[in-house]
Amino acid sequence: MPPEVQQQLGQDSEHFRKCLDYLREHSAGEHEGIYGPGSMTWVLYREPVILLGGLRAILLQIAHPAVAHGVSQNSNFRSDLLGRARRTYTAMYQLVFGGLREAMGAAKRVHSLHSRVYGALPAGPGSQGDGRYRANEPSLLRWVLATLIDGAIEVFDTFVRPLSLEEKRRYYQETRLAAAQFGLLPEQMPPTLEDFYAWYHEQLAGETLRVGDTARELASLLFNSPFTQGQLDELLTAGLLPERWRESYGLAWGPGQQRAWKLLKGTMRRAIQLTPPKLRYVTAWHQAQMRLALARGERPTVVARVLNTLDSYVDVPFSIRPVAVKAPADDLR
């Protein structure tokens, strides 16, 4: 490890400690976690359909050459795509729905993993301007987080219901907490939703992002895994991507695809509307509700208890970890 990289990683660690202090000061509470049940973040991420934006987010992330090479050179992306996805989604749900201790622990693990990701681009200037990159570099963290912020809004608007401007503003202000979980202080993010989108669209239209050979190789792996083969994943991703990036990745978007996309959107939105909310919300949301009910001395819902019990025996999708059940005082007499 070059001395300058050691110094940068040390600075990253010190900076992350300030982010953890910010999270402790501004979190919703020990049992509520970072965001809490009244947050827009919980409203968006309790919907499993949010995960459909995953491929879109990854394609936009790896359009940044430093992100693409970081994934390519430092990840088991090729050999364990499913395992990588499951670990990523588990960490995401721990960050969003975990209690304060669990969410802080997940943030520390993500930062630690990112601290091992650094290297050099094969040619041309990197994000530091010297051909080097590191995953915890603020500009890269900001770009990755931005794709997740925009992606969550886009998917919710498309498949669940349109968010009001006020809801979007509330959600964006909550992403200051998400930024701190990533390793960014609030002042390192655009201050308002409008400022964010002005910056974000400037990035999308600029020359820093470009789909190179590494990004195309990773995209091919994404669309040709045993779990993503077929036209549905490409159609979903093409429909959600901005036009420039749809074309850059060579995703088909002719009249047939556009008709199929319109039909898919309508069908999925109708199906979501007809499904009772508590039956469609992710397991992690139910586990968070159970944790809060137990902390208040209340009895959790049947759905939460069933899912939490199942998660004790099998790895239930979209969960965090089983909530430790304490018998209510009335049951101990």
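1. Basis of the note. Residues are numbered from 1 along each chain as its sequence is written, and side-chain values use heavy atoms, with hydrogens and water left out. Because the model is predicted, local features need pLDDT of at least 70 and side-chain atom pairs count only at pLDDT 80 or more, while totals for chains, interfaces and linings use all residues.

2. Helices α7 and α8. Helices (H or I, at least four residues) and strands (E, at least two) are DSSP runs, numbered from the N terminus. Helix α7 (residues 138–159) packs with helix α8 (residues 165–182) at an angle of about 145°, and their axes are 11 Å apart. Axes are lines fitted to C-alpha atoms, for helices over the stretch in contact, and angles run from 0 to 180 degrees between N-to-C directions. The contact (heavy atoms within 4.5 Å) includes Leu141, Val144 and Leu145 of α7 and Lys168, Tyr171 and Tyr172 of α8. By class, this contact has 12 nonpolar, one polar and two charged residues. Here Ala, Val, Leu, Ile, Met, Phe, Trp, Tyr, Cys and Pro count as nonpolar, Asp, Glu, Lys and Arg as charged, and the others, Gly among them, as polar.

3. Helices α7 and α9. Helix α9 (residues 193–205) packs with α7 at an angle of about 110°, with the axes 11 Å apart. The two helices are therefore roughly perpendicular, a term for angles of 65 to 115 degrees. Among the residues that meet are Trp143 and Ile153 in α7 and Phe196 and Trp199 in α9. This contact divides into nine nonpolar, two polar and two charged residues.

4. The loop residue Ser164. Ser164 lies in the loop between α7 and α8. With a relative accessible area of 33%, Ser164 is partly exposed (buried means under 20%, exposed over 50%, partly exposed in between, with a 1.4 Å probe and protein chains only).

5. Salt bridges. The count comes to 12 salt bridges, each a side-chain nitrogen of Lys or Arg within 4 Å of a carboxyl oxygen of Asp or Glu. Asp12 in helix α1 (residues 3–26) pairs with Arg134 in strand β2 (residues 132–134), 122 residues apart; the N to O distance is 2.7 Å, and both residues are buried. Within helix α1, Arg24 and Asp21 lie three residues apart, about one turn of the helix, and their closest N and O atoms are 3.1 Å apart. Arg24 is partly exposed at 44% relative accessibility, and Asp21 is partly exposed at 46%.

Notes
Angles under 35 degrees count as roughly parallel, over 145 as roughly antiparallel, 65 to 115 as roughly perpendicular and the rest as oblique.
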